[in-house]
Amino acid sequence: MQVYLDNNATTMCDPQVVEVMQPFFSELYGNPSSLHKFGTATHPYLRKAIDQVYTALNASDDDDIVFTSCATESNNWVLKSVFNDLIVNGEKNHIVTTEVEHPSILAACKWLEEQGAKVTYLPVNEEGIVEAHTVKSFITEKTALVSVMWASNETGMIFPIKEIGEICKEKGVLFHSDGVQAIGKIPVDLQDVHVDFVSMSAHKFHGPKGVGALYIRNSQELSPLLHGGEQMGHRRSGTLNVPYIVGMGKAIELATANIEETMAKIRAKRDRLEDALLELSETFVVGNRENRTPNTILISIRGVEGEGMLWDLNNGQIGASTGSACASEDLEANTVMLAIGADNELAHTGIRLSLSRFTTDEEIDYTIAHFKKAVERLRAISSSFAKVQPTPGGEAGECHIPHHTPHH
């Protein structure tokens, strides 16, 4: 059996999505910017895709949704354009974000610091989220933008976006959220939550890779990242990727239709898997499952190094992931686990399991059996596990993390 449990990294393209994309490669192939009938023939399908995204997110007619190549582009667009518009050419100088954002946010912020911006990187609490009052305490008169992810790609923890949005609105500060791990997993209602910009990527909700979008509240001004054409209302130049845009529209429609019912089914499988793995001694799952996306588990197994566990899972045809990465001479600990204060040894043991609506009960059963065998084998050869004593008062499933302060 092959089991794919790395859906927070990417998802399979839903066969229904592939089907609707197919005609736009060799039948309806005209450039939609062309005035002849080959170009104009694609317009109704583009309009439908845009409407599907608006409907899925409950966006207003006054809002703008601009298709991009991916959420990394959308994230960079917001950060660099706000820097240009409000810092280089304005009175602001400050950006607030978190220590646990996606690399496309953190790397862009590091680059902006080199250009003269001041950036505050907020810490997360023991649950792995940034609290709204923490965000509020670091907003100043010079703050141009707050950027906080909607849900964590590593832990699945859901951030208090509604509360942060209200604070930013009250303070008159622009608010951006990387919504990649939320859309299609939990309800996202942009009429209910005050967010100025939301980034998204189709391949996270069973659409094609290489297409994303940026939501812009009230179609407000934002300097283009790409220049050279009139596409997307002059907001984003480049020939429109019609088949992928059509695919994204269908994918987000499928992902958000009956979302509560779909997610309840996924959550039940996730919880069964999590409960079974927590039967193992000295295992810890990061974050309260009630405030987590219903498909995600970040589990640490004392005495089992993450890369070794991935090797065993892969040998069993199970796809999972870890935050650590093999370097030439050493292993890098899971950065999110370090950010929440886990000790270095435990931070090397994090394994992320992320399900989808295509995950079956049989696959969960298979994973439980193989996972437990792998832990037994790896602990038997672990030099560190034999030395570890259970922490006083610590039980399986609990992860007590100290709080720490932000850095600039």
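Biologist: Is Arg272 buried, partly exposed or exposed?

Modeller: Arg272 counts as partly exposed, at 31% relative accessibility. Buried means under 20% relative accessible area, exposed over 50%, and partly exposed in between, with a 1.4 Å probe and protein chains only. This is a predicted model, in which local features need pLDDT of at least 70 and side-chain atom pairs count only at pLDDT 80 or more, while totals for chains, interfaces and linings use all residues. Residues are numbered from 1 along each chain as its sequence is written, and side-chain values use heavy atoms, with hydrogens and water left out.

Biologist: With which residue does Arg272 form a salt bridge?

Modeller: In general, side chains of opposite charge can pair when their charged atoms come close. A salt bridge is a side-chain nitrogen of Lys or Arg within 4 Å of a carboxyl oxygen of Asp or Glu. Here Arg272 pairs with Asp361, and their closest N and O atoms are 3.4 Å apart. This pair links distant parts of the chain, since Arg272 is in helix 10 (residues 259-277) and Asp361 is in helix 14 (residues 361-380), 89 residues apart. Helices (H or I, at least four residues) and strands (E, at least two) are DSSP runs, numbered from the N terminus. Asp361 is also partly exposed, with a relative accessible area of 38%.

Biologist: How many salt bridges does a search of the whole structure find?

Modeller: The search finds 20 salt bridges. One of them joins the side chains of Arg352 and Asp6, at 3.0 Å from N to O. Arg352 lies in strand 14 (residues 350-354), and Asp6 lies in the loop between strand 1 (3-4) and helix 1 (15-21), so that the pair links distant parts of the chain, 346 residues apart. Arg352 counts as buried at 7% relative accessibility, and Asp6 is buried with a relative accessible area of 13%. There is also a network of salt bridges that links Arg270, Asp271, Glu274, Asp275, Arg289 and Arg292.

Biologist: How many residues apart are Glu253 and Lys250 in helix 9?

Modeller: Glu253 and Lys250 are three residues apart in helix 9 (residues 242-256), which means a separation of about one helical turn. Their side chains meet in a salt bridge of 3.6 Å, N to O. Glu253 counts as partly exposed, at 33% relative accessibility.

Biologist: At what angle do helix 4 and helix 9 pack?

Modeller: Two packed helices are described by the angle between their axes and the distance between the axes. Axes are lines fitted to C-alpha atoms, for helices over the stretch in contact, and angles run from 0 to 180 degrees between N-to-C directions. Helix 4 (residues 43-57) and helix 9 pack at about 30°, with axes 8 Å apart. Helix 4 is therefore roughly parallel to helix 9; angles under 35 degrees count as roughly parallel, over 145 as roughly antiparallel, 65 to 115 as roughly perpendicular and the rest as oblique. Contact means heavy atoms within 4.5 Å. Residues making this contact include Tyr45 and Leu46 of helix 4, and Lys250 and Glu253 of helix 9.

Biologist: At what angle do helix 5 and helix 6 pack?

Modeller: Helix 5 and helix 6 (residues 103-114) pack at about 25°, their axes being 9 Å apart. They are therefore roughly parallel to each other. Among the residues in contact are Asn75 and Phe83 of helix 5, with Ile105 and Trp111 of helix 6. Asn75 and Phe83 are also among the buried residues of helix 5.
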